[in-house]
Amino acid sequence: MADIKATMVFQRADGKNATISVSDADPAVTQTELNTAMDLILAKNVFAPDNIGLVKKVSGKLISTTTQDFEMTV
């Protein structure tokens with residue numbers, strides 16, 4: 001089974017980037033929905049990494065990771 005993570009990158013007021021990742025994201029999230037979520041994060045101004053506000057969106061993506069476990073023989 002694949003693990004899905006939503007990763008959102010924002011520019012901070014000091015010009016550096018900050019990344020917010022959400023585990024167990026819905027694989028059906030659309031580009032529009034992710035953009036809207038990022039707009040809401042900016043509008044509510046609830047995240048300030050290192051006490052520096054987020055000022056604009058840089059990028060967003062869904063990352064799918066598939067893990068396959070193998071049984072070890074002794």
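1. Salt bridges first: the structure holds three of them, counting a side-chain nitrogen of Lys or Arg within 4 Å of a carboxyl oxygen of Asp or Glu. Keep in mind that this is a predicted model, where local features need pLDDT of at least 70, side-chain atom pairs count only at pLDDT 80 or more, and totals for chains, interfaces and linings use all residues. Residues are numbered from 1 along each chain as its sequence is written, and side-chain values use heavy atoms, with hydrogens and water left out.

2. R12, D14 and D50 are tied together in a salt-bridge network. The side chains of R12 and D14 meet at 2.5 Å, N to O. R12 also bridges to D50, and there the closest N and O atoms are 3.1 Å apart. Helices (H or I, at least four residues) and strands (E, at least two) are DSSP runs, numbered from the N terminus.

3. D14 is partly exposed at 36%, and D50 is exposed at 64%. The cut-offs are under 20% relative accessible area for buried, over 50% for exposed, and partly exposed in between (1.4 Å probe, protein chains only).

4. The remaining bridge to look at joins D39 and K57, with the closest N and O atoms 2.9 Å apart. This pair, too, links distant parts of the chain, D39 being in helix α1 and K57 in strand β3, 18 residues apart. Helix α1 covers residues 31-44. D39 counts as partly exposed at 39% relative accessibility, and K57 counts as partly exposed at 30%. If you want another distance to check, D39 and T19 are 20 residues apart in sequence and 14 Å apart in space, C-alpha to C-alpha.

5. Now the overall fold. The protein chain has one helix and three strands, in the order β-β-α-β along the sequence. Its radius of gyration is 16 Å, well over the 11 Å that the globule rule gives for 74 residues, so the chain is more spread out than a compact globule. For the record, the radius is taken over C-alpha atoms, and the rule is 2.2 Å times the number of residues to the power 0.38. Along its principal axes, the C-alpha trace spans about 55 × 30 × 15 Å.

6. Taking contacts (heavy atoms within 4.5 Å) between residues at least 6 apart in sequence, 60% join residues at least 24 apart.

7. Surface and charge, to finish. The chain exposes about 5600 Å², and carbon and sulfur atoms supply 52% of it; the areas come from the Shrake-Rupley method with a 1.4 Å probe, and for residues only the protein chains shown count as cover. The mean positions of the 7 positive and 9 negative charges are 15 Å apart. Lys and Arg count as positive and Asp and Glu as negative, with His and the chain ends not counted; each charge is placed at NZ of Lys, CZ of Arg, CG of Asp or CD of Glu.
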